[in-house]
Amino acid sequence: MAIRKDANTLNPNERAEFVDAILALKAAGIYDRFVLRHANAIMNAIHRSPAFLPWHRRFIYDLELELQRVSGNPDLGIPYWNWPSGEADAAMWRNDFLGGNGDASGVVRTGPFQAGQWTVVNASGLPSGPLMRTFGQNGFPTLPTQTEIDQVMAITPYDSPPWNMSSSPSFRNQLEGWAGPNLHNRGHVWVGGSMLPMTSPNDPVFFMHHCMVDKIWHDWQARFPNQDYLPVVGGPFGQNLTDPMDSTPSGQIGSRPIDVLDSAALGITYDDGTTIPQPTIPLLVVDANPEQFSIGAPGETDIFQFQVAAFGSHTAFTTGSSDTFMTLFGPNNPAAQVAFDDDGGENLNAQITRNLSAGTYYLRIRLFSSNSTGNYAVGIRSNNNIPTPIPELTVDGASINAAISTANESDLYRLNITDDAIYTFQTYGTTDTFMTLHGPNSQIPVIASNDDGGVTLNARIRQQLTAGEYFLRIRHFSPIGTGFYSIHATRE
Ligand SMILES: [Cu+2]
């Protein structure tokens, strides 16, 4: 659990622990890999765009995990540079912490990162001289004030078209500094020197600066729990909620905005006790009358949950005159996107029909335009009153050949277990299958799950089971993947 503190309030031991951990990562070559990850990312993919905040949240979080590892302290958090708490005279610029401003030619000659002890790297990773700082000399003589931070904290929505430096109204754009009082950009420019180019993580203050940016976003999320990351869809590739954020080799699975929206889930806390309260999510009852809700503020998203008791076709829909946009997540995972829709229902209403396994699902509803407000009604209906027969997989019997034929599909199998014994369930073929085992006598409780325990990318679960009815669910590891597989069950 990272505990992130105001950098200007750390005690000498905490300052030494942070500095030693940074120096250890530098000596191991790990620190410079972070510099290159930032320097070699595409400028406009990670700045001047919605992914600015989630990309940098992920970036500093990954460094924090490395700091925790080398220090042996699982609670070590990156300190945040609380801009209003002091300028060149602030405690963080002391000689036992970051060192201070550069000399007349900008060279840092004090503290642990001074010339001769710390060498910066260029975008190719080659040594390129000492750390440089020129406090307040590049057009911004002062740092952001609390009043200016509060002013940006009041802005909604998260972001808006055209999703760039001209977006307005946009919390992201003002926090980044292309509009409004200028928070993030100003910090880089105020420090100057090594903090100006894309290699700016060369100066360890970069991580404290972005920790402050991240804290402001975190506080804003707590203040506006119904304001979601935007765009969900429709923005440039790399900027939408479930896009990979960076097309360079450093941007891989796990680096989507949706993966980092909840900093509490990443184990991050702030010393002033700000945590994001978990709102209670209204429950929609399947086959009940649609319920009325409204989007009262531009950019707002309403979140609902509903329970599917048994596998079958279900339709989530809205009615009314608003142009709604709907995204469905689950089962049992509010971040696992199943489908989204804009105008699949009556007129401009959203509607999603899918075969759903048993479990809890989450529905997020917003208006297509992030600038409008309006009323709508939402409902969930089950389409098959006749239960769909679930294919039975016979232990030590024939394999069943099947396919994941569309994105997000999952196949369900029934197992009739008559003896207490160890059983093995396994897929075969070239598809990267993912398997979950549920039961006994219910499709909901998860007993085991597996991705690649079988041959190559196949899934395999070996489990002791008592007599009863069990269910196996097979999906593709990737939410958009499809392919053929066969499934087989054996008993030991
Ligand atoms: Cu950056």
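Modeller: The centres of domain 2 and domain 3, taken over C-alpha atoms, are separated by 29 Å. This is a predicted model, in which local features need pLDDT of at least 70 and side-chain atom pairs count only at pLDDT 80 or more, while totals for chains, interfaces and linings use all residues. Residues are numbered from 1 along each chain as its sequence is written. The average pLDDT (the predictor's confidence in each residue, from 0 to 100) is 91 for the protein, and 96% of the residues score at least 70.

The protein is divided into domain 1 (2-270), domain 2 (283-382) and domain 3 (400-491), with bounds that come from an automatic or database domain assignment. Eight residues of domain 2 are in contact with seven residues of domain 3, contact meaning that the C-beta atoms of two residues, placed from the backbone, lie within 7 Å. On the side of domain 2 that touches domain 3, β10 gives the most, with three residues.

Strand β10 belongs to an open, mixed sheet of five strands in the order β5-β7-β12-β9-β10; strands are DSSP runs (E, at least two residues) numbered from the N terminus, and two of them pair if DSSP finds at least two bridges between them. Because β5 (283-284) and β10 (337-341) stand at the edges with a single partner strand each, one side of each is left without a neighbour in the sheet. Further in, β9 (residues 324-329) and β12 (residues 359-367) pair in the antiparallel sense over six bridges, and leucine 328 has leucine 363 in β12 as its bridge partner.

Notes. Helices (H or I, at least four residues) and strands (E, at least two) are DSSP runs, numbered from the N terminus.
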